[in-house]
Amino acid sequence: MTNFFRKASTAYYGWYVIAALFFTAFVGVGVRGSYGVFVKTWEDDFGASVTLISVAASLGWLMNGASQPLFGNLTDKYGGRPVIILSFIPMGLGGIAMAFVTNAYMLIFVYGFVISFFSGGIMFSTGGPVVAQWFRAKRGTAMSILAAGGSIGGLILVPFAAYLLIQYNWQTAWVVMGVVMLALGLPLLFFLLKSKPEDMGLKQDGYERTPEALDPPPPEVTTGPLAIDRWQDSYSSAPMWQLSLAYVVCGITTASISVHFVRWAVEQDISAGKAAIAFGLLMGINAVGVITIGFLSDKMERKTLLGIVYLIRAVAFLSFLVLPANIALWAFAIIGGGSWLATVPLTTSLTADVYGVKTLGTLSGLINLAHQIGGAAAVLAFGIVFDVFDTYNPAFFGGFVTLLAAGVISLSIKERKYSSRYMKPGDTILQPVEGD
Amino acid sequence: MAAPLAPVAHHSESVDPTLWKWIQHQIDVTTGLSAITIVIILGIIIVAIPVTVIIFAIRSKKHAQSMGRAAESDDRPH
């Protein structure tokens, strides 16, 4: 134990930055995730339809996606620290303001616009660039911890909000969540979050601090041949399209399941208890899976892992088609759970490795926007398929096929040619090759 | 429900209310704890994360300062 404390005391400062970002994702995702807990209560209190209350959630989803390129761009210009802190404050105040909402339209404004818009400023398009600035050798691991923060936040804060609602009322629940953000998250960010290691006189990966213990030695080449100064330039090379297209599929396959799972379970006569436990299992595997994949991605090619993750998820979708529903449920929870979040750190890390960190915020924001658009379209498409065919099977088949495509697209990324991880000292900067 | 009230946290979607009702029932049946007990347990976890990080950060800062002082005294001519 003493050894652990000693190690923690001498740890590279970047890990404290990751810890602060972990908690930011933890509360940010948790607070937004808890919205669904209050729907029934608001329905009764406001006399509003579920559809109207759902408008705030739908709008919030789009606002979150749309705001990410904007906040990402601001991060590229001003650094992650001011953007994340200045997004976190209105999000926390918005949480408290939720307690004073008196009708569905105020709900749409406060949650759909304010909280959801500013939550885009604390997500991967802002946190990702900060992580990439601090880490290179362990970038995948660090990114995965950030992603796991959101996952674990959902696991802890959603039940926290729900039981606050049971014990007190929804107004108290939102005030407490807003206070958690402002009283716990904000000081952590204020004292620990630094945009880049140079702000503290350090170097990426902490090379300067323990020069005698370098493993691997400090890289002399820190940018790849496609490193860019303008985000627009990324679209003239293949990896940006490959990563974006694959991420659209990620959006398609996660959003569709997220929204249509309950209807599918009911249609298949799966008991509520079984469905609940299966999803609890998926959430648990999800957090472990993302950290494992992140760790592995620092040891091997990220695009290989990314491709495998999409193919694994394809198998999970296939289970809906070929297995009896009761077994498919568990197969999906176990197989799908491992791949659910793993795409996030892999995609962001790979983007940073290929295009460098100067425009990573904007690029991550744009890729996330593609994800959200794909997700929104898929939610609609799955609903239409169910209404027309009275079964989800054609939609699941569509998901399976798109995942296979995403797997192949990811595997076709020429990481060894374009990633800074594989550059050797003396390598010259190449120009993007058309259609490569 | 035709809106993204999702059951799993992937890019911060909101939890599906129906699924949450199922999960909450399972938590109640499995743990048998009262609402206030669960609030306290989860509240402690939520507070513990930033407090632990801050404590370690302060220790780290102190350690770095003491190392700096030691290095300074080594450099000083005797």
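**A buried serine and its surroundings**

Author: Ser151(A) has a relative accessible area of 1%, so it is buried, since buried means under 20%. The model is a predicted one, and the values below are computed from it.

Ser151(A) sits in helix α8 of chain A. Leaving out residues up to four places away in sequence, Ser151(A) touches Met283(A), Asn286(A), Ala287(A) and Leu341(A). Another residue to look for is Ala25(A), which is 126 residues from Ser151(A) along the chain.

Of the contacts in chain A between residues at least 6 apart in sequence, 84% join residues at least 24 apart.

As a general background, nonpolar side chains in soluble globular proteins tend to be buried together.

Take Trp264(A) from that list. Apart from neighbours within four places in sequence, Trp264(A) is in contact with Ile270(A), Phe320(A), Ala325(A), Leu329(A), Tyr392(A) and Phe396(A).

Ser119(A) is in helix α6 of chain A, which covers residues 104-119. Ser119(A) is also buried, with a relative accessible area of 1%. With neighbours within four places in sequence left aside, the contacts of Ser119(A) are Arg32(A), Asn64(A) and Met91(A).

Asp269(A) lies in the loop between α10 (238-267) and α11 (272-297) of chain A. Its relative accessibility is 71%, so Asp269(A) counts as exposed. Asp390(A) is found in the loop between α15 (360-389) and α16 (393-411) of chain A. With 56% relative accessibility, Asp390(A) counts as exposed.

The backbone of these two residues also deserves a look. Most residues other than glycine have a negative phi. Asp269(A) is not a glycine, yet its phi is positive, about 60°. Asp390(A) likewise is not a glycine and has a positive phi of about 60°.

Step back to the chain that holds these residues. Chain A has 17 helices and zero strands. Its radius of gyration is 22 Å, close to the 22 Å that the globule rule gives for 436 residues, so chain A is as compact as a globular protein of that length. Its C-alpha trace spans about 65 × 50 × 45 Å along the principal axes. Ser151(A) is one of the buried residues, and 59% of the 436 residues of chain A count as buried.

The accessible surface of chain A comes to about 16200 Å², with 68% belonging to carbon and sulfur atoms. Chain A carries 26 positive and 24 negative side chains, and the centres of these two sets lie 6 Å apart.

Chain B is the last item. Its secondary structure comes to two helices and zero strands. Of its 78 residues, 41% count as buried. Chain B exposes about 4400 Å², and carbon and sulfur atoms supply 65% of that area.

Notes:
Residues numbered from 1 in each chain as written. Chains lettered and ligands numbered in written order. Predicted model: local features only at pLDDT ≥ 70, side-chain atom pairs only at ≥ 80, totals over all residues. Heavy atoms only, no water. Contact = heavy atoms within 4.5 Å. Helix = DSSP H or I, 4+ residues; strand = E, 2+ residues; numbered from the N terminus. Rg over C-alpha atoms; globule rule 2.2 N^0.38 Å. Buried < 20%, exposed > 50% of the residue type's maximum accessible area, 1.4 Å probe, protein only. Areas by Shrake-Rupley, 256 points an atom, 1.4 Å probe, with all protein chains shown as cover. Lys, Arg positive; Asp, Glu negative; His and termini not counted. Charge placed at Lys NZ, Arg CZ, Asp CG, Glu CD.
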